[in-house]
Amino acid sequence: MMDKSWVHLNRVTDEYLVGASNFIKIAAKNLGYPHKMLCPCKNCRNLSHQEMSIVYEHIVINGVDPTYTIWFHHGEDIIEDETDESLNDGEAYNLYIAAYRHDENFEESAQPALDDEWKQQVNDANSHIYDGCTNYTKLSSIVALYKLKTMHSWSDTSFNGLLELISDMLPSPNVLLKSMYETKKYLKKFDLQYEKIDACVNDCCLFMKENKKLENCPNCGASRSKVDECTNRVKKGVSAKVLRYFPIIPRFRRMFRSQKTAEELRWHFKNKSEDGKMHHPVNSAAWDLVSDKWPIFASDPRSLRLGLATDGFNPFGMISTQYSCWPVMLVIYNFPPWSCMRKENVMLSLLIPGPKQPGKDIDIYLQPLVDDLKMLWDGVSAYDAYDNEKFKLRALLLWTINDFPTYGNLAGCTTKGKHACPICAHNTKSVWLRYS
């Protein structure tokens, strides 16, 4: 059993530094002094190999991944236990809990039944990719490879070829998935789906609610389906413009199903600084204004306070300089400052398609997000794994984060021309240049 007592100490103390150094030495000895080893820090999460000195730096700077409790990647022996309790530890079990536990049907103070099918799924995810492999399981191997595919923009065809090649290189039999199709099918059970909503090509409306069954825009008459530019023939079933919405309520619910995440979402409630300095948005005037105006909302530490950020970018690089796609992101400020802005905690909620920017019509595309935010203000049912109880989850949008032109689009203010100041408005003191 490797010493883990130093992991929870302050990372600037001598005890932590000595513990990290001893961990590197013991892990190197257990693994046969390799040139590189898997890095167990909070960012790498045993998904990338690093040199020993880099692993030490990552552990000191980022800390050790708290979900990595049995250090089997670094030579610690795994104690085999066939009881149901042994399934309750590990990332695969937590993923299945988050994927299959439903708030509406969950019984308080009762774990989901570990039937034979459940055990088989968890054991399958935790199985090593071949006999004798201690570094990767079936789940961790495909997640690591899929992460590389995403980071380096590999095509599906190249990823299929890589999986087939690696499978041939590994000892037989092995359980490595062999195609992109199998990978998507396997990971789909942990996935949160998104909604495709047809939009008018002229940004007049979304084909949802009362417009859901219409074939033409009620404002400009444009076809909902794509029209062939040469023949003007309408291509039925092929949408001219599609908004992708990633529902936020299921994701917020899933965050509270994780005991660790549910605890982190309470951080703001007891950690407001008293030195008069702003270390976190909890120290801001806007935060205090919300707490004073809606004390019932503020009294529950699980009430979420959000920020919305958006801007345009060209997804095609230099191929097309005219295309502008607009992602809409949500930031959850309940988290502590060291995890508040981590990429896994910044949520993509909308993907507004191009080719042109939505401009003043961005409010059309924000409709599904605004509808969910209204529901969250009234409250939705959710399960809190930290307190082991159901509760009413509520959320509020604190502010938006954007550049000055986008500020005008989101807030409906004038940001150019004679009345360019959104604060002064009609009282703006402006002078026209003679030759402008």
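Here is a short tour of some side-chain contacts, grouped by topic. Keep in mind that this is a predicted model. It holds 18 salt bridges, and the count of aromatic pairs comes to 13.

**Salt bridges around Asp-203**

- Start with Lys-241 and Asp-203, whose side chains meet in a salt bridge with an N to O distance of 2.7 Å.
- This pair links distant parts of the chain, 38 residues apart. Lys-241 sits in the loop between strand E5 (234-239) and strand E6 (242-245), while Asp-203 sits in the loop between strand E3 (195-198) and strand E4 (225-227).
- Both Lys-241 and Asp-203 are buried.
- Asp-203 also meets Lys-356 in a salt bridge, again with 2.7 Å from N to O.
- Here the two residues are 153 residues apart, with Lys-356 in the loop between strand E9 (346-352) and helix H13 (362-365).
- Are Asp-203 and Lys-356 buried or partly exposed? Asp-203 counts as buried because its relative accessibility is 2%, under the 20% cut-off. Lys-356 counts as partly exposed because its value is 43%, which falls between 20% and 50%.

**Other charged groups**

- Glu-344 forms a salt bridge with Arg-342, and their closest N and O atoms are 2.7 Å apart. Glu-344 is partly exposed, with a relative accessible area of 39%.
- Salt bridges can also join into a network, as they do for Arg-266, Asp-300, Arg-302, Asp-384, Asp-387 and Glu-389.

**Helix H2 and its neighbours**

- Which residues of helix H2 (residues 52-62) are buried? They are Met-52, Val-55, His-58, Ile-59, Val-60 and Asn-62.
- These buried residues pack against helix H1 (14-30), strand E1 (36-38) and strand E2 (49-51).
- After H2 comes Gly-63, which has a positive phi, near 85 degrees.

**Pairs of aromatic rings**

- Tyr-146 and Phe-159 have ring centres 6.3 Å apart. Why is this pair called edge-to-face? The planes of the rings are at 70 degrees, and an angle over 60 counts as edge-to-face.
- Tyr-146 belongs to helix H5 (residues 138-151) and Phe-159 to helix H6 (residues 156-169), 13 residues apart.
- Tyr-146 is partly exposed, at 27% relative accessible area, whereas Phe-159 counts as buried, at 0%.
- The rings of Phe-297 and Trp-377 have their centres 5.4 Å apart. Their planes are at 35 degrees, so the pair is tilted.
- Phe-297 lies in helix H11 (residues 295-299) and Trp-377 in helix H14 (residues 367-378), so this pair ties together parts of the chain that are 80 residues apart in sequence.
- Phe-297 counts as buried, at 2% relative accessibility, while Trp-377 counts as partly exposed, at 27%.

**An aromatic cluster and charges over rings**

- Trp-6, Tyr-16, Phe-23, Tyr-68 and Trp-71 come together in one aromatic cluster.
- Lys-4 lies over the face of Trp-71, a member of that cluster, at 5.0 Å from the ring centre.
- Which residue lies over the face of Trp-377? That is Arg-394, at 4.5 Å from the ring centre.

Definitions and conventions:
Residues numbered from 1 in each chain as written. Heavy atoms only, no water. Salt bridge = Lys/Arg side-chain N within 4 Å of Asp/Glu carboxyl O. Helix = DSSP H or I, 4+ residues; strand = E, 2+ residues; numbered from the N terminus. Buried < 20%, exposed > 50% of the residue type's maximum accessible area, 1.4 Å probe, protein only. Contact = heavy atoms within 4.5 Å. Phe/Tyr/Trp six-rings, centres within 6.5 Å; stacked < 30°, edge-to-face > 60°. Lys NZ or Arg CZ within 6 Å of the ring centre and 35° of its normal.
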